[in-house]
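Work through the exercises below with the structure in view. Try each task before reading its solution.

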Number of protein chains: 4
Amino acid sequence: MSKTLFKGIISYPITPFLAEDNGVDIKTLGQLIDRLIQDGSHAIAPLGSTGESAYLNDEEWSTVAEASVKQVAKRVPTVVGISDLTTQNAVRRAKFAEKVGADAVMVLPISYWKLTEREIFQHYAAISEAIGIPVMLYNNPATSGLDLSPELIVRIIKEIDNVTMVKESSGDIQRMHRIFQLSNEEIPFYNGSNPLALEAFAAGAAGWCTAAPNLIPAWPLKLYEASLAGDLKQAREVFYKQLPLLQFILKGGLPTTIKAGLQLRGFDAGVPRKPLLPLDSAGQNELAALIKQLNG
Amino acid sequence: MSKTLFKGIISYPITPFLAEDNGVDIKTLGQLIDRLIQDGSHAIAPLGSTGESAYLNDEEWSTVAEASVKQVAKRVPTVVGISDLTTQNAVRRAKFAEKVGADAVMVLPISYWKLTEREIFQHYAAISEAIGIPVMLYNNPATSGLDLSPELIVRIIKEIDNVTMVKESSGDIQRMHRIFQLSNEEIPFYNGSNPLALEAFAAGAAGWCTAAPNLIPAWPLKLYEASLAGDLKQAREVFYKQLPLLQFILKGGLPTTIKAGLQLRGFDAGVPRKPLLPLDSAGQNELAALIKQLNG
Amino acid sequence: MSKTLFKGIISYPITPFLAEDNGVDIKTLGQLIDRLIQDGSHAIAPLGSTGESAYLNDEEWSTVAEASVKQVAKRVPTVVGISDLTTQNAVRRAKFAEKVGADAVMVLPISYWKLTEREIFQHYAAISEAIGIPVMLYNNPATSGLDLSPELIVRIIKEIDNVTMVKESSGDIQRMHRIFQLSNEEIPFYNGSNPLALEAFAAGAAGWCTAAPNLIPAWPLKLYEASLAGDLKQAREVFYKQLPLLQFILKGGLPTTIKAGLQLRGFDAGVPRKPLLPLDSAGQNELAALIKQLNG
Amino acid sequence: MSKTLFKGIISYPITPFLAEDNGVDIKTLGQLIDRLIQDGSHAIAPLGSTGESAYLNDEEWSTVAEASVKQVAKRVPTVVGISDLTTQNAVRRAKFAEKVGADAVMVLPISYWKLTEREIFQHYAAISEAIGIPVMLYNNPATSGLDLSPELIVRIIKEIDNVTMVKESSGDIQRMHRIFQLSNEEIPFYNGSNPLALEAFAAGAAGWCTAAPNLIPAWPLKLYEASLAGDLKQAREVFYKQLPLLQFILKGGLPTTIKAGLQLRGFDAGVPRKPLLPLDSAGQNELAALIKQLNG
């Protein structure tokens, strides 16, 4: 498991926008990253699904990538999401991320036309060849429209040099079992499905990629620590306590619910970019109650 | 949790047929039940999916029900599968099971036409009213053609007196989370999906309904004991060791693979009833290797 | 297309039960069959999904099979549903149907455990070998739990002597295209999905297997005749007029809605067998309006 | 049906790229558009799924939009695809399309995070308010990741002024039935699923949105004309002749297969943009045979 760059809680910051959607708000982003690190995150992952990466133009993307890495300043590792529909632009972003100091990049094979396995493989190969830092393969059929089988994932990791780890967000625990089996336990896998956090750690996940620390930083850590200690009863107990909030933020969409929750915690990070709309008031009330119950 | 009648490993015997499919082989069934109990099963569940209940005629069903309960002889609890397409016959079977001494009955809402929630509810109510022993609700969309939501399951258990527990075989861990949440942890749930055994125990399952003890009796017990002790590392280790066999028996169909495996262990329990066919020779070789690896 | 035994509208009678579910009501069944023939049905198909075949015991099944064939009395062809979970009982029923004079049998591969292609093939082969009349293969994944691919269907029809035609009820028009292509237009296919009736005839279906003639006998015939004449505009017009009723009877379950509709037309055929429940009063009102609009 | 701007065959040109993926090849695009019009297309739809719109940067998109409209030069109507992940950019593109002379715009609600119905509605409302030309709503869950129900589609068209028609590409004929029913036959619907072309016309589609005219221009027209004349037999015959090619281009992805087919017809339009790869040689051989059979 020497390839395991990250362990524990990998936190996903949202990307704040200036008022009237006037571009990205780098100052607020920096403050949020500081909070996440101070609260104990083991790594920071800007420009993921939570970071509305797909909704940024290229200039905004670069601004956020560079600012994030600088703000983290090597206090913990940074993994930058560089996903793009075209291979050319994904390669460009990967190189940029490496240049500004990212420790790794995360790549989701976003699709419009469904890609064949050969196309997916070559997409990862092209990105990997262009850089010298590790690549985290990211499988999330609900957002990408593509579902990579464990067999394909393991083949990509075995055959392409820099691809060394996988974030699995399909929500199907059997995928993690297969990755574990196919790789003789050697490929570190990370869970990206919040309501699966307990079981993913039970199954041997190296970490949990989550936006929950934006709202309830202590709780994901408690789950990780209990799991690491092998204490199943404590893990179960702290998981079920945070589960209602995890279910809520997933169901409502992470940019929408996390931005609403930050506001409720007194941290103004604005609203998501349209067509995404802010959380409605019924949702805000429900979320407020969930946060209060956990943060006291 | 005072309603919890069963805990641990609930074992599902196959139903052996006489040569040339000349009816059920009660003598061999008795020997198999004895083995399962001697090997440590915490309960015995005849006439389940594994027991080819759906393929028996009424007379055969009654013969197996009565013989099984007598053979168990209260050494452990017996839960008898009484599922039938019509409410009238399911009621008749439930009464028969109670009369011959079953400790509980298990009811899968088998369907041809999809049932509405009202029809499912009334089916359970009619069965429950006819008997005085507990009913285990069984959800298994892959075999029944009906998928009961956690909300419906919990409502049935709360509103119908004798229905007190649920066997969840959808393979979706989130269902168990919801049942746990909706019932304030009070409804005992049992896992019926073999490759989910580790995570179901992690999530708080009271037991594991499985045919695996027919082939590898020590291993399900090891997983249960590690889970009960809250030892996550040991639980994970013994789970991954038995997982290949659990995957194999599920994929090949339990009557087919368990009967083949018993033969491989030197216990002749015949073949499944047609249209089900015996395991082919490639499958037998694979299964033999899996069993040998575990049983030494 | 010399194998085409049936063309046009194949009508599915419900199976009436005596009051208090005291067995099958043969007298009423006979009256219903007479009505269907007098109203112009091109064939009669007792003991199908509509006929609650799956909910009858063996004795009831035999009674209905024999009475139906006798009542039809060769005025039109009769195709008897002989589906059963076990191969042995399906064979027994097929022989019985032939003995009492059926012109063909219809076979749905009902499943509890999913069958492999080999198991499905052998099931059809065993039935076919036992009789000398044609077999209509029936694919209906929603009720049987098994979905037969066009490739498998065509292989069975080509390789097993008596299997000569297929009723496709998956509701996917592309399946009919594939059967048409794979068989060089030579295998007659019948549509079993009511809301697909227009398009199935457009695609070349030899007939429509439907329970609608129980309620609106003139309308399916109008659609068939317009299609036969190649008059697309007339076909479209008469299809859209009957479509709301077709959607309603499918959505509510055929035994439930057809029995309610017969009552509304002044023909008392009782209620479906439990767990199936009678149509509720809101549904009855909606159905009454739909029938009135069409029957004037 | 006064809102029906387009009828018949709406042709989708691919977007050619210069060698080494050095930007869009406007000259070749112009020649292709000329061919499509000369071959009888009733409308031209640049920047659709076939046009790799999702893979173009903003500058390329604008170049193609303007050049396409100018090349068509009002010989037939032009409908420009303006879909984008953000509302702001979709609005900008819609205004640009109107400014350069498009007759209508087509809008697919591309998604990363699943949109709520309210978000989808407001996305269409914002685009519609910004322009004075008609909007064609486009439903294609396989590429957009969002599936709009007929109920939502009809509500958007009824409540938002400029949205007047719908392109349905889910491939489910029942959606067209519902749109027909919910709108009292008044909303023109267009079929975007090639292998459904016969049945969509049977069900009353106003047109067929297709890339097939790039390869076999005479055949879609033949189907449309037979359908318009109400000649079901002729429609069926010409449909089944072209169906193998329609199945092939859909299965292989339209940019990939159409560009390969153009090459096979002696028209060099280059290859698709990576990660999309050119058709492999086995596919080219199969496609060549299919084209030859139809074009003689």
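The model is predicted.

**Exercise 1.** Find how helix 10 and helix 12 of chain D run relative to each other.

*Solution.* Start with the axes. Those of helix 10 (residues 232-251) and helix 12 (residues 281-295) of chain D come within 10 Å and cross at roughly 150°. Angles over 145 degrees count as roughly antiparallel. Helix 10 and helix 12 of chain D are therefore roughly antiparallel to each other. Their crossing is left-handed.

Now list the residues that meet. Helix 10 of chain D brings Lys241(D), Gln242(D), Pro244(D), Leu245(D) and Phe248(D). Helix 12 of chain D answers with Glu286(D), Leu287(D), Leu290(D), Ile291(D) and Leu294(D). By class, this contact holds seven nonpolar, one polar and two charged residues.

**Exercise 2.** Decide whether Tyr224(D) is buried or exposed.

*Solution.* Locate the residue: Tyr224(D) sits in helix 9 (residues 218-228) of chain D. Count its neighbours. There are 22 C-beta neighbours inside 10 Å. The cut-off for buried is 20 or more, so Tyr224(D) counts as buried.

Next, look beyond residues up to four places away in sequence: Tyr224(D) touches Gly8(D), Ile9(D), Phe201(D) and Trp208(D). Take Phe201(D). It lies 23 residues from Tyr224(D) in sequence, and 7.5 Å away in space, C-alpha to C-alpha.

**Exercise 3.** Which element of chain D gives the most to the side that touches chain A?

*Solution.* Begin with the totals: 23 residues of chain D are in contact with 23 residues of chain A. Two elements of chain D give two or more residues to this side, helix 3 (87-99) and helix 4 (117-130). Helix 4 of chain D gives the most, with four residues. Finish with the classes: chain D's side has ten nonpolar, eight polar and five charged residues.

Note on methods: Residues numbered from 1 in each chain as written. Chains lettered and ligands numbered in written order. Predicted model: local features only at pLDDT ≥ 70, side-chain atom pairs only at ≥ 80, totals over all residues. Buried ≥ 20, exposed ≤ 12 C-beta atoms within 10 Å, placed from the backbone. Contact = placed C-beta atoms within 7 Å. Axes fitted to C-alpha atoms, helices over the stretch in contact; angles between N-to-C directions. Parallel < 35°, antiparallel > 145°, perpendicular 65-115°, else oblique. Left-handed = near helix turned anticlockwise from the far one by under 90°. Nonpolar A, V, L, I, M, F, W, Y, C, P; charged D, E, K, R; others polar.
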